Amino acid sequence: MTPLRRAAPLAAFAPARLAALALALARLTALALACLAALALAGCSSTAAPPRPPLAVRPVAWSAPGELGPVRAVADDGDRVVLFHDGAAAVFVNGALARVERAPHRWVSAAVVPAPDGYGTWIVGVDAEGRLLRLPSWGSFEPVADHYGLERAAVRAATGLGLGGGAAFALDGEIAVADGERVTRYATGPLAAFAAGGGRVAFALGGEEVLALDVAPRALRSYPIEADGPAPLLAVTGAGALLAATPAALYAEDAAGVLRLRLRASAALHGLAVSGDRVWFADGGELGVLDASGARATRGARLPEAGRLIGSPSGDVWLLAAGALRRFAADDVGAGPAWDDIAPVFDRACARCHRPRGEGGVDLSTRAAWASLREAIARRVVEERTMPPPGHALSEADRARIRGFVERLAPPPRPNGARP
């Protein structure tokens with residue numbers, strides 16, 4: 001597994017060597033893994049969390065350009081959201097439509113990844129031909145595969161690694177990990193599922209096993225799961241905890257590294273996403289969240305039963321189904337502030353521009369809207385003081401009230417290393 005520098009020949013593990021490594025790791029801890037497997041499979045039903053109150057969610061309003069056709073992919077970095085349509089991309093900045101960039105591509109996925117030099121992040125799209133293209137803040141799409149040492153590779157998906165930075169890419173039968181200085185490829189065989197985060201890359205080749213590569217030590221670990229059907233959906237939290245969802249069950253890795261059953265599906269699980277500190281799942285027509293206390297789901301939401309979930313740094317979640325995109329926020333997470341705490345300031349200083357269909361283009365008339373844009377509000381109103389614009393007075397007391405409100409909207413931080 002010699003690091004691959006851009007000018008060096010490819011150093012890759014053959015599938016047989018990859019399997020041999022997994023087998024060797026398993027043999028080193030055979031007894032322990034057997035016990036963990038027994039807990040994770042045979043005895044997990046007794047460890048699943050008891051039922052909890054239903055989850056309340058609300059749609060987050062935003063104005064998408066309907067004339068662009070179906071949405072194929074979404075990239076959300078908190079300040080910017082880019083919707084990838086066939087032949088175009090719609091760019092939203094702080095919730096308002098900033099521009100539409102035309103491009104002759106059929107998009108299959110999108111992501112926010114660290115820039116190759118480690119400074120900032122790039123929004124990239126992957127098209128049906130396997131091209132990796134960056135959309136700058138201003139300007140047209142540009143091919144960037146060569147910046148990550150992937151000049152001749154067909155890219156199928158991209159994602160950030162989190163923690164120390166770097167990006168991971170799903171290729172045809174390979175995984176590539178780029179840290180800004182070197183690119184390392186691992187031959188895996190055809191990938192059925194792929195995700196990354198917390199310094200790890202998770203993937204599946206079939207439906208009965210999930211593999212996780214810890215990038216820094218280059219350690220590979222295998223997790224058996226109960227599966228009878230398609231490959232699982234995968235996600236990795238910012239702390240590096242693995243999540244896997246089959247149509248029948250949702251599993252999450254605990255602090256001891258055990259992949260435990262956390263939920264039996266009521267219908268069929270078809271969505272899984274990490275949004276900031278929150279884990280979302282979709283079960284039939286319902287949305288749910290998973291935390292240390294267990295899982296909660298909506299009742300009677302009647303959402304599309306074949307959509308997929310896409311995370312947002314805000315903690316909200318995007319639901320993409322049949323080309324239609326919707327955004328949801330959890331409405332009862334924690335003991336956050338009530339809308340009445342900020343409504344007087346909103347009515348006095350913000351409402352003229354930020355009511356529904358207001359001239360500002362961003363609806364801030366609900367608590368959920370403030371929660372989804374809390375970072376941008378704090379920066380522009382409290383730090384930079386570029387909002388509200390001249391002519392709309394805002395006292396120091398009002399700014400302090402806004403600061404307190406958005407700070408209390410943020411989900412509570414988890415202890416270092418905590419897992420769902």
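1. Helices (H or I, at least four residues) and strands (E, at least two) are DSSP runs here, numbered from the N terminus. The model is predicted, and local features need pLDDT of at least 70, side-chain atom pairs count only at pLDDT 80 or more, and totals for chains, interfaces and linings use all residues. Residues are numbered from 1 along each chain as its sequence is written, and side-chain values use heavy atoms, with hydrogens and water left out.

2. Overall content. The protein chain holds six helices and 28 strands. Of its 420 residues, 49% are buried, where buried means under 20% relative accessible area, exposed over 50%, and partly exposed in between (1.4 Å probe, protein chains only). Among contacts in the protein chain with a separation of 6 or more, 51% join residues 24 or more positions apart; a contact means heavy atoms within 4.5 Å.

3. Ala-322. This residue sits in the loop between strand E27 (317-321) and strand E28 (324-330). Ala-322 is exposed, at 88% relative accessible area.

4. The loop between H5 and H6. Arg-385 belongs to the loop between H5 and H6. Arg-385 is not a glycine, yet has a positive phi of about 60 degrees, and with a relative accessibility of 41% counts as partly exposed.

5. H5 against H6. Two packed helices are described by the angle between their axes and the distance between the axes. For H5 and H6, the axes come within 10 Å and cross at roughly 160 degrees, which makes the two helices roughly antiparallel. Axes are lines fitted to C-alpha atoms, for helices over the stretch in contact, and angles run from 0 to 180 degrees between N-to-C directions. Angles under 35 degrees count as roughly parallel, over 145 as roughly antiparallel, 65 to 115 as roughly perpendicular and the rest as oblique.

6. Residues between H5 and H6. H5 passes H6 in a left-handed crossing, meaning that the near helix is turned anticlockwise from the far one by less than a right angle (right-handed if clockwise). On the H5 side the contact involves Arg-374, Ile-377, Ala-378, Val-381 and Val-382, and on the H6 side Arg-399, Ile-402, Arg-403, Val-406 and Leu-409. By class, this contact has seven nonpolar, no polar and three charged residues; Ala, Val, Leu, Ile, Met, Phe, Trp, Tyr, Cys and Pro count as nonpolar, Asp, Glu, Lys and Arg as charged, and the others, Gly among them, as polar.

7. H3 against H6. The axes of helix H3 (residues 343-354) and H6 come within 10 Å and cross at roughly 125 degrees, so H3 and H6 are oblique to each other. This crossing is left-handed. Pro-344, Val-345 and Arg-348 of H3 meet Asp-398, Arg-401 and Ile-402 of H6. The contact of H3 with H6 divides into three nonpolar, no polar and three charged residues.

8. Cysteines. How many disulfides does a search of the whole structure find? It finds zero, a disulfide being a pair of cysteine sulfur atoms within 2.5 Å. The sulfur of Cys-350 has its closest cysteine sulfur in Cys-353, 8.8 Å away, which is too far for a bond. Cys-350 is buried at 14% relative accessibility, and Cys-353 is buried at 14%.
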